[in-house]
Amino acid sequence: MKRAFLIVLIFTFIGILSAEGLSFSGYDKFSFISRDLGEDYKQYFGNELQLQAQYKAFYFGVKYDIFLPKFDRFLSIEQVDLEEDLYEFNEYFIQFESDHLTSTLGIYEAYIGSGIPLNVFYDPDFDEDTRLLGTYNELIYDRWQAQIILGLLGNEQDDEEFDRVGALDFSFDVSDKINIGAAYVKQMTKEIVPDDFNDRDVLSGRINFTTDLLEISSEAAVSKESSIVTEEDTKGHATYSNFQLYADKFTFTGAYKNYLNFDNRISDLPTANYSS
């Protein structure tokens, strides 16, 4: 599936290479790491090439990584033999932007609200990748905003399989100070044995109130997950609220959270931890 997406984007990109008004940007990053193994050293070489092109309202991007081998900081010295060479297209996309619509086809990041119903992203520090391969659409008109998300997510059990994720998100500016929103997320997680999908449905709502002196935001979500392995349904909920009060040179901050059976790889639950 990833190969088919990539082939389509490459041919689209080749088709506009001769067009006037085409601009390019990018970078090439080389890295070298030498790891002390006690009695010996192990060397790591890496090269990350990223290119972007723009033609009118269209944007094209690709990122190709080479690691010989890929450094894994979380492996102990005894496990370094598990590190392997890596050649991969880490990112590729085609995007259209206008005043009211942004559409993306390829690999993309996305989030809804504070991240409780959905937050898919790539974290290079922990080598965590929950980005989706598919289509993303954002519509903005007057006081209305909407997101339509459809994509495939790499399965945790089998690299050749994909989970399915879809989401609808709407928000509305009631006034210059108040914004409300609601979202629905559908997640289908592939089980290898038996060969079928687990279903997870999430409904969420949120409100944000902002003034020069006070910021308040609150989000709540409920979920229902049906397992084909246990043939049981698991219900969960998540609530997160926070406020910030500005008084001259002082800022007062508070937060509340309540999570139950809501831990999921496409959800990013706020921790309510603060540091100065």
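**Notebook: salt bridges, strands and a nonpolar patch**

I began with the charged groups: Glu48, Lys63 and Asp65 are linked in a network of salt bridges. A salt bridge here is a side-chain nitrogen of Lys or Arg within 4 Å of a carboxyl oxygen of Asp or Glu. I noted that the structure holds 13 salt bridges.

**Ground rules**

I am reading a predicted model, where local features need pLDDT of at least 70, side-chain atom pairs count only at pLDDT 80 or more, and totals for chains, interfaces and linings use all residues. Residues are numbered from 1 along each chain as its sequence is written, and side-chain values use heavy atoms, with hydrogens and water left out.

**Confidence**

I looked up pLDDT, the predictor's confidence in each residue, from 0 to 100. The protein chain has a mean of 88, and 91% of its residues reach 70 or more. Where is confidence lowest, and where is it highest? Helix α1 (residues 2-15) is lowest, at a mean of 63, and β12 is highest, at 97. Where pLDDT is low, the predicted coordinates should not be read in detail.

**Whole chain**

I counted elements next. The secondary structure comes to one helix and 17 strands. Helices (H or I, at least four residues) and strands (E, at least two) are DSSP runs, numbered from the N terminus. The C-alpha atoms fill a box of roughly 55 × 55 × 50 Å along the principal axes. The accessible surface is about 17,100 Å², and 55% of that surface belongs to carbon and sulfur atoms. These areas come from the Shrake-Rupley method with a 1.4 Å probe; for residues, only the protein chains shown count as cover. Of the 276 residues, 33% count as buried. Buried means under 20% relative accessible area, exposed over 50%, and partly exposed in between (1.4 Å probe, protein chains only).

I also checked contacts, meaning heavy atoms within 4.5 Å. Among those between residues at least 6 apart in sequence, 49% join residues at least 24 apart.

**Salt bridges, pair by pair**

Side chains of opposite charge can pair when their charged atoms come close.

Arg206 and Asp169 meet at 3.0 Å, N to O, in a salt bridge. This pair links distant parts of the chain, with Arg206 in strand β14 (residues 196-210) and Asp169 in strand β12, 37 residues apart. Buried or exposed? Both Arg206 and Asp169 are buried.

Lys186 forms a salt bridge with Asp201, their closest N and O atoms being 3.3 Å apart. Lys186 lies in strand β13 (residues 178-191) and Asp201 in strand β14, so the pair ties together parts 15 residues apart in sequence. Lys186 is partly exposed at 25% relative accessible area. Asp201 is partly exposed too, at 24%.

Arg131 and Asp129 also form a salt bridge (3.0 Å, N to O). Arg131 is buried, at 9% relative accessibility. Asp129 is partly exposed, at 35%.

**Thr130**

I looked up Thr130 in the loop between β9 (128-129) and β10 (132-141). Thr130 is buried, with a relative accessible area of 2%. Which residues does Thr130 contact, leaving aside its neighbours within four places in sequence? They are Asn119, Val120, Phe121, Leu153 and Arg265.

**Hairpin**

Strands β16 (residues 233-247) and β17 (residues 250-260) run antiparallel, joined by eleven bridges. Two strands pair if DSSP finds at least two bridges between them. I found Thr239 opposite Asn258 in β17. The two strands form a hairpin with two residues between them, and Asp248 in the turn has a positive phi of about 55°.

**Nonpolar patch**

I found a nonpolar surface patch of about 700 Å², made by Leu139, Ile148, Leu150, Leu168, Phe170, Tyr184, Leu203 and Val222. The elements giving two or more residues to the patch are β11 (144-154) and β12 (162-173). Patch residues have over 30% relative accessible area and no salt bridge; like charges are joined within 9 Å, nonpolar side chains (Val, Leu, Ile, Met, Phe, Trp, Tyr) within 5 Å. Val222 is in strand β15 (residues 214-226). Val222 is partly exposed, at 46% relative accessibility.

Ser226 is partly exposed, at 24% relative accessible area. Leaving aside neighbours within four places in sequence, Ser226 contacts Asn198, Asp199, Glu232 and Asp233. I put the C-alpha atoms of Ser226 and Ser175, 51 residues apart along the chain, at 39 Å.

Leu22 lies in the loop between α1 and β1 (23-36). Leu22 is buried, at 18%. Its C-alpha atom is 6.9 Å from that of Ala53, which is 31 residues away along the chain.
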